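Trainee: I have a structure open and would like to go through it with you. Can we take it piece by piece?

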Amino acid sequence: MTKFTAGEMLELRAQFPALHQNVYGKPLVYLDNAATTQKPQSVIDRIVAYYSHENTNIHRGVHYLSQQATEAYENARKTVADFINAAVAHEIIFTRGTTESVNLLAGSLKQFLLQEGDSVLISGMEHHSNLVPWQQICLQNKTKLLVAELTNKGEIDLEQFKQLLSQKPKLVAITHISNALGTINPVKEMIRLAHDFGIPVLVDGAQSVAHTTVDVQDLDCDFFVFSGHKMFAPMGIGVLYAKTEWLEKMPPWQFGGEMVDQVSFEETTFNQLPFKFEAGTPYVAGVLGLEAAIKFIRQYDMKSLEAYENGIVRQALEMLQTIPGMRFIGEPIHRAGVISFVVDGTHPSDIGTLVDKMSVAVRTGHHCAQPVMTRFDVPGTVRASFAFYNTEEEVEKLVKAVEKAVSMLR
Ligand code: PLP
């Protein structure tokens with residue numbers, strides 16, 4: 001592994017225009033990367049180039065622009081497949097994001113996999129996007145929702161997870177990395193355990209694709225979902241990866257143009273994979289932006305980026321814990337770039353509001369994971385979340401801002 005130096009990091013950082021602006025008269029310290037990441041110039045340029053010179057609808061046209069745009073769109077599918085090591089490009093379905101990917105899956109699986117009396121197993125740290133769709137489908141289908149509990153450290157209780165597997169749920173849906181706790185789940189092991197019972201597994205990769213190497217064949221997950229905007233790509237584009245054997249079995253979720261083969265008033269036959277799951281005009285610019293983001297990431301060695309980011313996170317944890325009354329919510333052994341905390345005697349949203357005025361952008365609240373807040377008996381947390389473009393200096397600014405906010409509130 002080649003070490004990612006501070007100099008290289010500054011060069012990388014220079015490519016993100018949004019990071020180089022003042023808010024309230026001071027340089028922005030952007031630590032809300034779990035909500036969304038900033039975009040490098042190459043991604044912004046790709047979208048501008050598409051709308052400036054290439055814009056047209058795809059798949060249907062015989063004219064030059066349409067053929068070019070169709071080819072670019074399908075090449076991007078191959079790039080995404082390669083990025084997560086999918087076996088074939090048609091296993092990549094473009095969606096609006098993680099949320100839509102989970103809804104597609106839930107809407108399709110409920111039609112043939114989940115019957116009355118069956119169950120679906122999730123964990124206690126799921127984002128609402130990987131909880132509410134399953135909960136609602138379970139209510140509709142009279143299916144039971146099983147929940148793997150969390151330990152006090154904010155890790156999934158693996159012993160209880162194994163016991164729940166023995167109830168033979170029809171699906172396991174778990175997050176790779178928790179956006180509320182920072183926990184990296186041992187998904188490979190969990191998938192192996194689930195497969196021992198013949199249970200398919202969905203991995204929510206919203207927080208992992210931009211921070212670690214994902215190899216869906218090595219993980220052997222049946223489904224993997226993620227959002228472009230959390231990995232330096234535009235908002236509104238996302239991916240559902242599914243093994244071919246599942247895509248072949250799954251009925252379509254949305255109906256309309258593009259996903260059909262033959263249509264009459266009496267019946268319709270559906271298009272081949274992956275088009276069966278992509279009804280209507282797709283977000284071509286978003287797909288090309290996603291490809292540009294992948295090309296951006298691939299200029300670097302992911303392991304080096306990960307090691308650099310881990311160093312920043314360690315520094316932040318060490319410095320933050322010196323603040324009196326600091327309590328981390330989630331102290332997992334394997335942690336990604338998310339730090340959630342509360343400080344005794346203060347409210348998280350007051351800290352967030354005050355540090356914002358010191359030009360430090362963090363998030364406060366329940367982070368779309370209300371059951372996690374209930375589990376840890378907090379109204380919400382302050383969440384600082386990092387990307388590989390954050391600096392040690394920014395960590396210092398975060399800590400100083402939190403210290404100052406706490407002293408003002410006490
Ligand atoms: N899953 C996790 C773990 C997340 O962190 C998020 C967003 O924060 C989502 C799902 C939903 O992503 P999106 O809003 O892009 O659909």
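Trainee: Is Lys168 buried or exposed?

Mentor: Lys168 is exposed, with a relative accessible area of 52%. Exposed means over 50% relative accessible area, buried under 20%, and partly exposed in between, using a 1.4 Å probe and protein chains only. Before going on, note that this is a predicted model: local features need pLDDT of at least 70, side-chain atom pairs count only at pLDDT 80 or more, and totals for chains, interfaces and linings use all residues. Residues are numbered from 1 along each chain as its sequence is written, and side-chain values use heavy atoms, with hydrogens and water left out.

Trainee: Where does Lys168 lie?

Mentor: Lys168 lies in the loop between helix H6 (158–165) and E7. Helices (H or I, at least four residues) and strands (E, at least two) are DSSP runs, numbered from the N terminus. Lys168 also has a positive phi of about 55°, although it is not a glycine.

Trainee: What about Ser359, what is its phi?

Mentor: Ser359 has a positive phi of about 70°, and it is not a glycine either. Its place is the loop between helix H12 (348–357) and strand E15 (360–361). Ser359 is buried, with a relative accessible area of 3%.

Trainee: Which backbone oxygen does the side chain of Ser359 reach?

Mentor: That of Pro27, at 3.2 Å. A polar contact is a pair of N or O atoms within 3.5 Å; within protein, one must be able to donate a hydrogen and the other to accept it, and residues adjacent in sequence count only if both atoms are side-chain atoms.

Trainee: Switching to the ligand. Which residues come nearest to it?

Mentor: Thr99, Asp204, Gln207, Ser227 and Lys230 come nearest, out of the 13 residues around the ligand. A residue is near a molecule or strand if one of its heavy atoms lies within 4 Å of it.

Trainee: What does that shell look like by class?

Mentor: The shell has two nonpolar, nine polar and two charged residues. Ala, Val, Leu, Ile, Met, Phe, Trp, Tyr, Cys and Pro count as nonpolar, Asp, Glu, Lys and Arg as charged, and the others, Gly among them, as polar.

Trainee: And how far is a polar side-chain atom of Thr99 from an oxygen atom of the ligand?

Mentor: That distance is 2.5 Å. For Lys230, an N or O atom in the side chain is 2.6 Å from an oxygen atom of the ligand. For His127, a polar side-chain atom lies 3.3 Å from a ligand oxygen.

Trainee: How much of the ligand's accessible area does the protein cover?

Mentor: The protein covers 86% of the 390 Å² that the ligand has on its own. Accessible areas come from the Shrake-Rupley method with a 1.4 Å probe; for residues, only the protein chains shown count as cover.

Trainee: Which pocket does the ligand sit in?

Mentor: The second largest pocket. On a 1 Å grid over the protein atoms alone, a cavity is a set of points where a 1.4 Å probe fits but cannot get out, and a pocket is an open set with protein on both sides within 12 Å along at least five of seven lines; lining residues have an atom within 4 Å of a point. A molecule sits in one if more than half of its atoms lie within 2 Å of its grid points.

Trainee: Back to Asp204. What lies 3.5 Å from its backbone oxygen?

Mentor: A polar atom of the side chain of Thr175. Thr175 is in strand E7 (residues 171–175) and is buried, at 5% relative accessible area.

Trainee: Different topic. Which residues does a cis peptide bond join?

Mentor: Leu273 and Pro274, with omega about 0°. Pro274 lies in the loop between strand E12 (268–270) and helix H10 (284–298).

Trainee: What about helix H1, where does Met9 stand on accessibility?

Mentor: Met9 is found in helix H1 and counts as buried at 2% relative accessibility. The C-alpha atoms of Met9 and Tyr308, 299 residues apart along the chain, are separated by 8.9 Å.
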